[in-house]
Amino acid sequence: MSDVPLASAFTVFDAQDSGCLSYGVESGGHRWFVKKATTPTARLSLDRSIRLHAAVEHAAIVRPERVLDGPDGLTLVYPWHDGNVLNHATRNGSDRTALARFQRLPLPEVVAAVDAILDAHVAVTAAGFVAVDLYDGCFLYDFDARRMRLIDLDEYRLGPFVLDADRLPGSRRYMAPEEFVRGAVIDQRTTVFNLGRTIHQLLDSPDGWRGSPAQERLATRATRATPVDRYPDVVSLTAAWHSTWTP
């Protein structure tokens, strides 16, 4: 595949604040999701994405199948997957209709989705990466197949690292306190916080907490303000999560 023109797109996502232009095309009898950097900052993000996907392969993580770097800039081509992003965030605001629908699913299906997210991050951290800009806009859920996939992990970085800016990119609803402190260490405990917020968000609902008391205690520990008070790493968090339910 060498030609994925915007003119042939069946859908376009052009109101993103990432500096990327994304669209869906059909080529060779297959559908593809195309992500093109339109700014220098967006190119840096896609460069990070390439490094992550070169090191991490997991069934829940959608990986690019082609990297095109030409006169029009850097472009990543992913297989198209049906589903709904739980938070469709654009420059015009956020649409969490799919999240509200997800929060009404039977609990075993929610637990299975959380399982997939945690297991994927075990693979991420095993490869030496930490999560950056993880939020519900990264969760693509197929309501027909009851399958969770992770997308747009473009800001993930090798860690630990020292934050050299005033803050990291991301949603405040998911970010750890240290992600707003220049000079702070960003490591697996930061990822544990992001995942704790994920657990809390996916098991919550407008009617209140839907998980068990043990799962609520786990999410509370994972999101403590002081990193040393959290689970020490993603493997420990995942093991604790599995202990809160019976498969």
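D133 sits in the loop between β9 (129–130) and β10 (139–142). In this predicted model, the phi of D133 is near 65 degrees, a positive value in a residue other than glycine. Why does that deserve a look? Most residues other than glycine have a negative phi, and most peptide bonds are trans. D133 is partly exposed, with a relative accessible area of 24%.

D152 also has a positive phi, of about 55 degrees, although D152 is not a glycine. Look for D152 in the loop between β11 (147–150) and β12. Its relative accessible area is 36%, so D152 counts as partly exposed.

Next comes a peptide bond. G159 and P160 are joined in cis, with omega about 0 degrees. P160 belongs to the loop between β12 (157–158) and β13 (161–162).

Strand β1 (residues 11–13) pairs with β2 in the antiparallel sense, over three bridges. V12 has Y23 in β2 as its bridge partner. β2 also pairs with strand β3 (residues 30–37), again in the antiparallel sense, over eight bridges. C20 stands opposite A37 in β3. The hairpin of β2 and β3 has two residues between the strands, and G28 there takes a positive phi near 60 degrees. Is strand β2 (residues 20–27) enclosed or open? Six of its eight residues are buried, so β2 is largely enclosed by the rest of the structure.

The helices remain. Two packed helices are described by the angle between their axes and the distance between the axes. Take helix α3 (residues 107–126) and helix α6 (residues 234–242): they pack at about 155 degrees, with axes 9 Å apart. An angle over 145 degrees counts as roughly antiparallel, so α3 is roughly antiparallel to α6. The crossing of α3 past α6 is left-handed. On the α3 side, the contact residues are V111, V114, D115, L118, H121, V122 and T125; they meet V234, V235, L237, T238, W241 and H242 of α6. By class, this contact has eight nonpolar, four polar and one charged residues.

α6 has another partner. Helix α4 (residues 188–203) packs against α6 at about 30 degrees, with the axes 9 Å apart. Angles under 35 degrees count as roughly parallel, and α4 and α6 are therefore roughly parallel to each other. From α4, the contact takes Q188, T191, V192, L195, I199 and L203; from α6, V234, L237 and W241. Seven of these residues are nonpolar, two are polar and none is charged.

Conventions:
Residues numbered from 1 in each chain as written. Predicted model: local features only at pLDDT ≥ 70, side-chain atom pairs only at ≥ 80, totals over all residues. Heavy atoms only, no water. Axes fitted to C-alpha atoms, helices over the stretch in contact; angles between N-to-C directions. Helix = DSSP H or I, 4+ residues; strand = E, 2+ residues; numbered from the N terminus. Parallel < 35°, antiparallel > 145°, perpendicular 65-115°, else oblique. Left-handed = near helix turned anticlockwise from the far one by under 90°. Contact = heavy atoms within 4.5 Å. Nonpolar A, V, L, I, M, F, W, Y, C, P; charged D, E, K, R; others polar. Buried < 20%, exposed > 50% of the residue type's maximum accessible area, 1.4 Å probe, protein only. Pairing = 2+ DSSP bridges.
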